[in-house]
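Q: I would like to learn how to read a few features of a protein model. Can we take them one at a time?

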Amino acid sequence: MKKKLLGLMLAATMAVGMLAGCGGSGSADTAADTSSDAAATEAPAAEAEAEAEAPAADAGAASGDLIKIGFAQVGHESDWRTASTKSCQDVFSEANGYDLQFVDCDNDSAAQLEAVRTFIESGVDYIIIDPIVATGWDTVLTECSDAGIPVIVIDRTIDDSDNYTAWVGSDFKNEGLAAGEWLKAYVDAKGISEVNVLVISGSTGASAQIGRSEGFDEAVAKYGWNKLDEQTGDFTEDGGQEVMESYCKSYAGKFNVVVCQNDNEAFGAMTAMDNAGISYGPGNDVILISFDACTAGLKEVQAGKITADFECNPLAAPFVEEAIQTLQSGGSVDKAIYMEEHWYALPDAIVDFSIDGAAQSMTEVTDAVIEAQY
Ligand code: AHR
């Protein structure tokens with residue numbers, strides 16, 4: 001995988017800091033990639049190789065002062081989100097020279113727009129947004145640029161405006177494609193000819209949901225699988241359990257693959273399948289696929305419950321800080337910065353597969369891998 005890091009040395013320094021601060025994330029594997037071949041398929045709408053024209057940061061961020069940052073976070077729905085929030089709070093600490101205004105928007109898009117407007121009113125130097133949904137951003141982003149405040153988008157993408165300075169996150173469609181191509185290789189290896197899939201998707205309209213669904217659906221169409229249903233579990237454990245309970249009633253005996261669009265949904269689905277007496281995991285009746293690969297998710301891979309887990313790396317904050325420091329010193333930054341991600345399984349489920357001709361490697365889940373994860 002090609003790496004074109006933004007300020008390689010600084011990024012490496014910060015990655016080391018993050019390993020210490022968050023318990024690490026796979027040694028040198030925690031990296032951002034500004035090339036789109038790390039996630040080789042569809043780039044977010046706003047992706048550009050060109051460097052961004054950022055509004056100049058306000059004088060309030062003059063040297064010696066704390067840099068004021070407003071962060072409108074999605075909510076607290078998952079283990080992944082907890083790791084993302086911690087990463088930002090660790091990096092943008094007072095000790096590091098920042099005054100962080102953090103708002104947990106509790107998955108409420110209106111509250112998130114309001115939070116951004118409050119940041120503008122309070123005259124922050126930079127705004128970080130993790131957009132709950134991908135659309136509806138044009139007006140408020142114009143207000144940010146009119147106020148001369150650079151906006152850095154993290155994790156999920158904004159699809160209806162490119163009026164922001166930079167985005168740091170994951171290629172969700174590539175994650176969905178990876179899950180689909182892995183499944184094809186796995187069922188072929190196991191001699192499973194019928195694939196009947198149930199999907200528990202993430203929050204509707206979030207780019208993480210849209211991309212993972214699009215990517216996986218490509219494989220469904222390509223390989224002629226039977227997708228029985230897709231309903232949202234809102235990226236939560238309760239949501240995953242509720243949807244799976246209803247699936248267990250409606251599709252009893254009819255499915256052999258469950259795709260959960262994050263680990264927390266998978267935990268809920270596992271409870272529902274346990275209660276319904278359905279076996280899952282490698283060698284059992286149901287193949288269980290998950291995304292995120294947080295520590296708790298990898299433990300379930302190791303326990304033989306989740307068959308394969310496709311990482312979504314939440315540790316964007318060091319790369320956001322690097323972008324901010326570059327802007328502070330008058331430089332320009334890449335418009336799109338991709339996090340590097342890995343695909344996890346136990347040896348029996350590690351199979352060769354590729355995405356659009358690019359061979360993928362899988363990581364075996366071991367104690368050390370789990371220990372190093374967020
Ligand atoms: O946007 C990233 C997604 O949001 C993660 O997969 C999920 O866990 C979170 O809630």
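Q: Which helix gives the largest share of the negative patch?
A: This is a predicted model. Asp and Glu count as negative. Here helix α7 (residues 237–250) supplies four residues of the patch, the largest share. The patch on the surface is made of Asp-79, Glu-237, Asp-238, Glu-242 and Glu-245.

Q: Is Asp-238 buried or exposed?
A: Exposed means over 50% relative accessible area. Asp-238, which sits in helix α7, has 60%, so Asp-238 is exposed.

Q: Which residues touch the most other members of the largest nonpolar core?
A: In soluble globular proteins, nonpolar side chains tend to be buried together. In this model the largest nonpolar core has 29 residues, and Trp-182, Leu-183, Phe-216, Ile-289, Phe-310 and Phe-353 touch the most other members. Elements that each supply at least two residues include α6 (207–223) and β10 (287–292). The largest share, eight residues, comes from α5.

Q: How many salt bridges does the structure hold?
A: A salt bridge needs a side-chain nitrogen of Lys or Arg within 4 Å of a carboxyl oxygen of Asp or Glu. The structure holds 15. One of them joins Arg-156 and Glu-77, at 3.7 Å from N to O. Arg-156 is in the loop between β5 and β6 and Glu-77 in the loop between β2 and α2, so this pair ties together parts 79 residues apart in sequence. Both Arg-156 and Glu-77 are buried.

Q: Which residues are linked with Arg-156 in a network of salt bridges?
A: The network links Arg-156 with Glu-77, Arg-81, Asp-130 and Asp-155. The side chains of Arg-156 and Asp-155 meet at 3.8 Å, N to O.

Conventions: Residues are numbered from 1 along each chain as its sequence is written. This is a predicted model: local features need pLDDT of at least 70, side-chain atom pairs count only at pLDDT 80 or more; totals for chains, interfaces and linings use all residues. Side-chain values use heavy atoms; hydrogens and water are left out. Patches are made of residues with over 30% relative accessible area and no salt bridge: like charges are joined within 9 Å, nonpolar side chains (Val, Leu, Ile, Met, Phe, Trp, Tyr) within 5 Å. Accessible areas come from the Shrake-Rupley method with a 1.4 Å probe; for residues, only the protein chains shown count as cover. The place of a charge is taken as NZ of Lys, CZ of Arg, CG of Asp or CD of Glu. Buried means under 20% relative accessible area, exposed over 50%, partly exposed in between (1.4 Å probe, protein chains only). A nonpolar core is a set of buried Ala, Val, Leu, Ile, Met, Phe, Trp, Tyr and Cys residues joined through side-chain atoms within 4.5 Å.
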